[in-house]
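Trainee: I'd like to learn how to read a model like this one. Could you take me through it?

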Amino acid sequence: MAAGDPMGDLGSTMGIEFLEAAPERVVGRMPVKGNTQPYGLLHGGASCVLAETLGSVGSALHAGEGRIAVGVEINATHHRSATEGFVTGVATRVHGGRTLATYEIVISDDQDRRVCTARLTCMLRDAPQ
């Protein structure tokens, strides 16, 4: 993984924090407040940012030193809304190869109800010199 903030500016702005990070599993959470759409519900795009952040970090850890992970596909199904508290994402590696890594990300609310299920695939490349 490159030096600096593993989330980048967007993840930091959205208040994402890591709870656990390993190539097989990455866990993080994000506040609902500040990440809502006009009706006060968690924005679906915010769920995608959380999912891509967690899956990308897992992919970069899987890729190893001197390599980078670049997202090439994400999809998400939004199951229920969240209006307060935090949502927690658990990214679990589904496939970890030499050139691709895929993670399933389950996002749940504070009552452990599934809010969103996402899948992210990252291309793994050598880091630019």
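Mentor: Start with terms: helices (H or I, at least four residues) and strands (E, at least two) are DSSP runs, numbered from the N terminus. Two strands pair if DSSP finds at least two bridges between them. This is a predicted model, where local features need pLDDT of at least 70, side-chain atom pairs count only at pLDDT 80 or more, and totals for chains, interfaces and linings use all residues. Residues are numbered from 1 along each chain as its sequence is written, and side-chain values use heavy atoms, leaving out hydrogens and water.

Trainee: In what order do the strands of the open sheet run?

Mentor: The 6 strands go β1-β2-β4-β5-β6-β3, with antiparallel pairing. β1 (17–21) and β3 (67–78) are at the edges with a single partner strand each, so one side of each has no neighbour in the sheet. β1 pairs with β2 (residues 25–31) over 4 bridges; there, Glu17 has Arg29 as its bridge partner.

Trainee: Is Ser47 buried or exposed?

Mentor: Buried means under 20% relative accessible area, exposed over 50%, partly exposed in between (1.4 Å probe, protein chains only). Ser47, in helix α2 (residues 44–63), is buried at 2%.

Trainee: How many disulfides does a search of the whole structure find?

Mentor: A disulfide is a covalent bond between the sulfur atoms of two cysteines; the cut-off here is sulfur atoms within 2.5 Å. The search finds 0. For Cys48, the nearest cysteine sulfur is that of Cys116, 5.9 Å away. Cys48 is partly exposed at 25%, while Cys122 is buried at 0%.
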